Amino acid sequence: MQYTILADRENKTVAYAAAELERVLCTMDPTLTPGEGGIRLSLEILPPGSGHDDISISVENREGIIAGEGARGVLLAVYRFLTLLGCRWSFPGPEGEHIPAKNLTAETLSVTVRETPSYRYRGVCIEGAVSEENVREMIEYLPRIGMNAYFIQFHTPTAFFRRWYEHWHNNYLPKEELSGERMAEIRAHLAEEIELRGLMYQAVGHGWTCAPFGINPGGWDQVKEADLPDGYLSKTALVNGKRGLYKGIPLNTNLCYSDPAVRAQMIDGVVAYCRENPAVDTVHFWLADAVNNQCECPECVKMSPSDWYVRLLNELDDRLTAEKIPTRIVFLLYFDLLFAPQVEKLHDSGRFILMFAPISRTYSETLAGVLEKGGEEPGKYLRNQIVLPKSLYTNIAFLRQWQKNYHGDSFLFDYHLMWDHMYDPGYTECARVLFEDMAHLDELGLDGMISCQLSRVGMPTGFPVYAMARALWDKQADFDEVRKEYFASEFGEEGEAVWNYLLEITRLFRPQYLRRELPAADAGEANRVRQIPALVAAFRSAHPSMRSDSPSEAWRTLSIHGDFLLLFSELVARRAEGQPRHDLAAALRTLASRAEPTLQRRIDVWNYSSGTIGQLEYN
């Protein structure tokens, strides 16, 4: 059969959408050849609509139009069309792509749908230890599952790539030096990948307390004060009668924000960055990445940190407006800045996007109905004496205080897949919490989510990311239907059995216990987790596909995950019994390090070794 795809090939994102449509259709039906007759599809850009990437698909009897709001909307519409034809993308990379063999008849190639995604902001932020390929595959993956944004932290995201190329916490892999030139090359390549797909390109965040002053903020590195640029220390926050770096880390050090010269130098840095990086449409402008080190000088104490922050934001808006720079600015509710300003108010210019980052929250509850449940209200701001709340209600109450005077764009910036997923070895509860949180964002006045998460998060499965994406696209989606389609795509007819197996793993481990929200000494916990080896052995026996040399990456992952569980369950049991467990922690780190080449896309050993294992080894 012949096919024709009509598209504006001058637009690189529309041309890419056409190439993807052609590639997947020809994989479905290898008899297809280009030419007039048979299939005739037109890709078209819809006029501006909701701003949420509206799509419209009207294909009947192998002919019709696939359209989206803007060029990115066209690409999203193409992937939505292909999904409705039975394609699934369960994980970044080639083995996560599932394209069914299909005879594209007039009946099978008929789709009519008009959709507006539930939320405007649907993205992922770089974190963890990553290779260039890892990030490229994530950027490629996002529009396939309906996501529309990628956030590259820092001016240059060196820290995340060094963790991989230098193999922090993994001595079984050869270390590769990451030069500044190579890092600049990687950043440029990734920017091209973002632009190709028309994704929202968000950038920076951390670093504005040091980069404008001549300090390269490539990560959370300590710096000797003697190596700092002249005059910098005099601009840092006065804390306990002294100015200087906070624990030696410029990125974590606040400044004297009442000083007009300090604010002007920060603003000069942001304006220069926006001018030099026009492809970045959204710049995050954050303060220090640490709590309780705000300036105590006589001028700074006259207003709260949030008031000084808002003044700084308004001055930045004035400069960008004067220089006709359209870049949007994200401001952050985080640490001390959770407390709403009492004096200053943001200009109503459309420049700003509020980002709510409740980093201290618990994941033992979801956003569903959190306001109705009630809870403790935030107390009065006490400079450099705040205690961050675990309660979801209290975190949301901070957001509500800001929303009394701010009514513009906003989204959630949350950490479900940064640390907490590792406290749910079955990935079933963390997926459900993430899904439910996304489904209820609108109840809190939030228009989406940028997920601060590991790129390599997929052991035992990639279901949490998939579930997040589906709820961001459609908040009315049914969780059970979503998980059934995911597990069927990864494991075929055995998908339901795999889900039930993982559900039992979650039940036996109890994530709330692993989060250290329950007493450490618990004989019942030890008894529960010691059932895990028998569960793994029984499932492995009943499902021969679960082996380390399986041709399926999904089954290989599940097999090696089972090996992890044997050690991890004993580690947890010994914690519950108050027994020494350093030998088990060491064995787990060794297993993770040796498995990383096989499961490089699926497990971030840097994070696993330093975070999850370390927490349970010592706490």
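In which loop is the place of Tyr427? Before selecting it, keep in mind that this is a predicted model. Tyr427 is found in the loop between β17 (409-414) and α10, and its phi is near 60°, a positive value in a residue other than glycine. Most residues other than glycine have a negative phi, and most peptide bonds are trans. With a relative accessible area of 6%, Tyr427 is buried.

Arg62 sits in the loop between β4 (55-60) and β5 (63-69), and because its relative accessibility is 22%, Arg62 counts as partly exposed.

Next, select helix α10 (residues 428-439) together with helix α11 (residues 463-473), whose axes come within 8 Å and cross at roughly 15°. That angle makes α10 roughly parallel to α11, and the crossing in which α10 passes α11 is right-handed. To see the contact itself, show the side chains of Cys430, Ala431, Leu434, Phe435, Met438 and Ala439 in α10, which meet Phe463, Pro464, Ala467, Met468, Ala471 and Leu472 in α11. By class, this contact of α10 with α11 has 12 nonpolar residues, with no polar and no charged ones.

In the loop between β18 (448-452) and α11, pick out Pro460, which is joined to Met459 by a cis peptide bond with omega at about 25°.

Move on to helix α12 (residues 479-491) and helix α13 (residues 495-509), whose axes also come within 8 Å but cross at roughly 115°. That makes α12 roughly perpendicular to α13, and their crossing is right-handed. Here Phe479, Arg483, Lys484, Phe487 and Phe491 in α12 meet Gly495, Glu496, Val498, Trp499 and Leu502 in α13, so that, by class, the contact has six nonpolar, one polar and three charged residues.

Which residues touch the most other members of the largest nonpolar core? Select Phe81, Leu82 and Phe161, which hold that place among the 213 residues of the core. The largest share of this core, 11 residues, comes from helix α17 (residues 553-577). As a last stop, centre the view on Phe161, which, leaving aside residues up to four places away in sequence, touches Ile126, Val130, Ser131, Glu132, Val135, Leu178, Met183, Ile186 and Leu190.

Methods: Residues are numbered from 1 along each chain as its sequence is written. This is a predicted model: local features need pLDDT of at least 70, side-chain atom pairs count only at pLDDT 80 or more; totals for chains, interfaces and linings use all residues. Side-chain values use heavy atoms; hydrogens and water are left out. Axes are lines fitted to C-alpha atoms, for helices over the stretch in contact, and angles run from 0 to 180 degrees between N-to-C directions. Helices (H or I, at least four residues) and strands (E, at least two) are DSSP runs, numbered from the N terminus. Angles under 35 degrees count as roughly parallel, over 145 as roughly antiparallel, 65 to 115 as roughly perpendicular and the rest as oblique. A crossing is left-handed if the near helix is turned anticlockwise from the far one by less than a right angle, and right-handed if clockwise. Contact means heavy atoms within 4.5 Å. A nonpolar core is a set of buried Ala, Val, Leu, Ile, Met, Phe, Trp, Tyr and Cys residues joined through side-chain atoms within 4.5 Å. Buried means under 20% relative accessible area, exposed over 50%, partly exposed in between (1.4 Å probe, protein chains only).
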